[in-house]
Amino acid sequence: QDGAYLSRFLLDRDYEVFGASRDAQTSTFGNLKRLGVRDKVSTLSVEVSDFRSVFQALVSVKPDEVYNLAGQSSVRLSFDQPVETMESVSIATLNILEAIRFTGDPIRFYNAGSSECFGATMEPANESTPFRPRSPYGVAKSAAYWQVANYREAYELYACTGILFNHESPLRPERFVTRKIISAACRIKGGSHERLSLGNIDIERDWGWAPEYIEAMWLMLQRSAPEDFVIATGASYTLAQFIEAAFSALGLDWSEHVETDARLLRPTDFSVSKADPAKAEQVLGWKARSKMPDIVQRMVQAELALNQGQRLLA
């Protein structure tokens, strides 16, 4: 989702945008199509876990800014694929940093961090909060964060990490729990008699609106010096509250349609995730405008429109 929204955002600011995929010739770039910008984005094949592939892309494009949004991004899947997750997140970030260093060009680099680096945060996490990741994904993102910090300090690269808390949109794949909930609720509203099976619905997360978070990424690269920022709304809700909001938006009682399944629990997880995004507001002038209830409403409306074959407006 982030790459598509970022592409649209940059195009609106007269950027020439290049999007990378492992195999650009076979990739559908479906989210770019859904946003109506596929024909405006140049695409190229890049395997981020292969240094030479990354280096060749940088030499060919000669970018001013690089946004690293690649990598295996499902926390749940990272428990099944820890090696692939580490390689596609951590090793890939190292390859990009090293390739930028090799070019010698004044490239500004944004790295997509994650609140998963923090693990449980009973007190709101800020840029000084220690990392205690509880998943292979969080471990990989933590390693990538420190690689960026090291290259910034040791090699004076313009490199920074946005430590983004959960951010959602209609472009989320259905393997992510938020879209899974929205899609199931809409199907049930349409007459399906299915039961929605979920894991721990008592977890608490800070959910934001992905298109707003794209602006924060861009703002981080417009400063005179690179710094890392926590990007979040500052408001956390339980997954049960998210579920209730989704079903209520459709006039349904969620308790009649949802069940918990212990098989869907993660091997290790954390209950509470809270954020303190004060630095982003003070330094970047960025503040989240949408909270979880707003996001659920938009996702429900987009899902209903999608089911009716209408074009996505997000």
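**Helix 1 against helix 8**

I started with helix 1 and helix 8, whose axes come within 9 Å and cross at roughly 65°. For the record, axes are lines fitted to C-alpha atoms, for helices over the stretch in contact, and angles run from 0 to 180 degrees between N-to-C directions. Helices (H or I, at least four residues) and strands (E, at least two) are DSSP runs, numbered from the N terminus. This is a predicted model, so I kept in mind that local features need pLDDT of at least 70 and side-chain atom pairs count only at pLDDT 80 or more, while totals for chains, interfaces and linings use all residues. Residues are numbered from 1 along each chain as its sequence is written, and side-chain values use heavy atoms, with hydrogens and water left out.

Helix 1 passes helix 8 in a right-handed crossing.

Which residues meet here? From helix 1 I listed D2, Y5, L6, F9 and L10, and from helix 8 A210, P211, I214, E215, M217 and W218; contact means heavy atoms within 4.5 Å. By class I get 9 nonpolar, no polar and 2 charged residues in this contact. The classes put Ala, Val, Leu, Ile, Met, Phe, Trp, Tyr, Cys and Pro under nonpolar, Asp, Glu, Lys and Arg under charged, and the others, Gly among them, under polar.

**How covered are these two?**

I looked up burial next. Helix 1 (residues 2-11) has 8 of its 10 residues buried, so it is largely enclosed by the rest of the structure. Buried means under 20% relative accessible area, exposed over 50%, and partly exposed in between (1.4 Å probe, protein chains only). The buried residues of helix 1 are D2, A4, Y5, L6, S7, F9, L10 and L11. Their cover includes helix 2 (30-34), strand 3 (65-68), strand 6 (167-168) and helix 8 (210-220).

Helix 8 is mostly covered too, with 9 of its 11 residues buried. Among them are Y213, I214, M217 and W218.

**Helix 7 against helix 9**

Helix 7 (residues 177-189) and helix 9 (residues 239-248) pack at about 30°, and I read 9 Å between their axes. That makes helix 7 roughly parallel to helix 9; angles under 35 degrees count as roughly parallel, over 145 as roughly antiparallel, 65 to 115 as roughly perpendicular and the rest as oblique. The crossing of helix 7 with helix 9 is right-handed.

On the helix 7 side I found V177, T178, I181, I182, A185 and I188, facing L239, F242, I243, A246 and F247 of helix 9. A reminder on spacing: an α-helix has 3.6 residues a turn, so residues three or four places apart point the same way.

Helix 3 and helix 5 (residues 82-103) pack at about 45° with axes 9 Å apart. That makes helix 3 oblique to helix 5, and their crossing is right-handed. F51, V54, F55 and L58 of helix 3 touch N95, I96, E98, A99, I100, F102 and T103 of helix 5.

At 14% relative accessibility, S53 counts as buried. The S53 side chain reaches the backbone nitrogen of E47 at 2.9 Å, which I file as a polar contact (a pair of N or O atoms within 3.5 Å; within protein, one must be able to donate a hydrogen and the other to accept it, and residues adjacent in sequence count only if both atoms are side-chain atoms).

**Two loop residues**

Q72 lies in the loop between strand 3 and helix 4 (75-80). Q72 is buried at 8% relative accessible area, and its side chain makes a polar contact with the side chain of T85 (3.0 Å).

S135 is in the loop between strand 4 (108-112) and helix 6 (136-154). Is S135 buried or exposed? It counts as buried, at 4% relative accessibility. The S135 side chain reaches the backbone nitrogen of G138 at 2.9 Å. Setting aside residues up to four places away in sequence, S135 touches V75, S78, F79 and E116.

Technical notes. Left-handed = near helix turned anticlockwise from the far one by under 90°.
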